[in-house]
Amino acid sequence: MENNKMYQVSTLQALSLGYTKPVINVLELKKNGNTGLGTYEGVNGEMIMIDGQAYRAKENGDIEKAADDMGVPFASVSNFKADKKFEVGEFKSIDELKVYLNNLIEENFGLNSMHMVRIDGDFSLIDARSESGYYAIHVPLKDMLAKTQKAFEIKDVRGSLVCVYYPDYMDGINAAGWHLHFISEDLKKGGHVFELKMKNGIGWVDKINSIEIRLPMEPGFDTYVLKGASEDDIKKVEQGKK
C-alpha cells in the first residue's frame with residue numbers, strides 16, 4: 001500500500017461556526033487531490049470532486065462544473081489510488097452501507113485511519129440536499145442551512161458515491177465516521193446524501209495515513225472559538241434534513 005495524504009481545507013468546527021470565506025480556490029484544491037468533497041464560498045452548494053474535476057450541486061441538485069477561481073472554505077480531497085476493490089449488492093439504507101464500510105476497513109485494522117471510498121453503482125433512491133449561498137459573518141452553519149437548504153430525491157439513477165471517513169478522535173477537524181456525496185453518471189444530479197437505496201455496485205477504498213490541513217490566513221479566522229463548536233449541531237448539519 002502506497003502512502004497517501006488527505007488534504008483538508010480549514011476545519012468542520014470553523015465551518016459549523018460560520019467561517020465560510022474562501023481559504024483557497026478550486027484550482028489550488030485540484031493540485032492537491034482528484035477525489036473528495038466539500039463546499040464553496042458562502043456554503044454555495046455541495047462539492048463533489050471526482051476524476052480530477054470539481055463539481056457544484058446547486059440547491060435543486062443540478063450539477064455544474066466548478067470554475068477554477070471559485071472559493072473553497074472547506075474540503076477534504078486526496079489523490080485516489082484505490083488500494084482495494086470490492087463488489088456490493090443491495091443496501092436498503094445508508095446505515096446498512098455505513099456498517100458494511102466500517103466492517104470493510106476494520107478487516108484491514110483501519111478504524112483509526114482516514115479513508116476515501118468511491119462506489120459506482122445503480123440506485124433506486126438517493127435522498128440528498130444542497131443549498132444556495134448565504135454570505136454573512138459568524139452565522140452558524142445550522143442557521144444558514146435552515147434558510148438555504150433544499151432536500152430532493154433522485155430516483156432510478158446510476159452514479160457514484162464519494163465517501164470520506166474520519167476516525168472518532170478527529171471529530172471536529174471533520175465529521176467522525178462516514179460523509180457521503182453523490183453525483184450521477186451523466187453529471188446532471190448530485191448532492192450531500194442523507195439516505196439511499198442501492199441495487200448493486202463496485203467500489204474502491206484507499207486507506208490514508210497522513211493529513212495536511214490548510215488553515216485560513218486572514219485575521220478574522222482567529223476570532224472564532226473553535227472548541228465552542230457544538231457536537232450536536234455538527235451532527236444535525238451532517239445527518240439531519242431539517
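Guide: Start with the elements: helices (H or I, at least four residues) and strands (E, at least two) are DSSP runs, numbered from the N terminus. His138 lies in the loop between strand E10 (114–131) and helix H4 (141–148). Its phi is near 60 degrees, a positive value in a residue other than glycine. The model is predicted, so local features need pLDDT of at least 70 and side-chain atom pairs count only at pLDDT 80 or more, while totals for chains, interfaces and linings use all residues. Residues are numbered from 1 along each chain as its sequence is written, and side-chain values use heavy atoms, with hydrogens and water left out.

Visitor: Is Ser10 buried or exposed?

Guide: Buried means under 20% relative accessible area, exposed over 50%, and partly exposed in between (1.4 Å probe, protein chains only). Ser10 has 0% relative accessibility and therefore counts as buried. Its place is the loop between strand E1 (5–9) and helix H1 (12–17), and its phi is also a positive value, near 60 degrees. His138, by contrast, is partly exposed at 40%.

Visitor: How many helices and strands does the protein have?

Guide: The protein has five helices and 14 strands. For overall size, the radius of gyration is taken over C-alpha atoms, and the globule rule is 2.2 Å times the number of residues to the power 0.38. Here the radius is 16 Å, close to the 18 Å that the rule gives for 242 residues, so the protein is as compact as a globular protein of that length. Buried residues make up 55% of the 242.

Visitor: Which residues have the most contacts inside the largest nonpolar core?

Guide: A nonpolar core is a set of buried Ala, Val, Leu, Ile, Met, Phe, Trp, Tyr and Cys residues joined through side-chain atoms within 4.5 Å. The largest one has 26 residues, and Ile126, Leu161, Leu180 and Leu196 have the most contacts inside it. Strand E11 (149–166) is among the elements that each supply at least two residues, and E11 gives the most, with six. A second, separate core of 20 residues includes Ala14, Val23, Val77 and Leu226.

Visitor: What is Leu196 in contact with?

Guide: Contact means heavy atoms within 4.5 Å. Leaving aside neighbours within four places in sequence, the partners of Leu196 include Phe91, Ile94, Leu97, Ile126, Leu161 and Leu180.

Visitor: How many salt bridges are there?

Guide: A salt bridge is a side-chain nitrogen of Lys or Arg within 4 Å of a carboxyl oxygen of Asp or Glu. The count comes to 16. In one of them, Glu46 meets Arg129 (3.0 Å, N to O). This pair links distant parts of the chain, with Glu46 in strand E4 (residues 46–50) and Arg129 in E10, 83 residues apart. Both residues are buried.

Visitor: Where do Arg118 and Asp51 lie?

Guide: Arg118 is in E10 and Asp51 in the loop between E4 and strand E5 (53–57), so the pair ties together parts 67 residues apart in sequence. Their side chains meet in a salt bridge of 2.8 Å, N to O. Arg118 is buried, with a relative accessible area of 17%, whereas Asp51 is exposed, with 61%.
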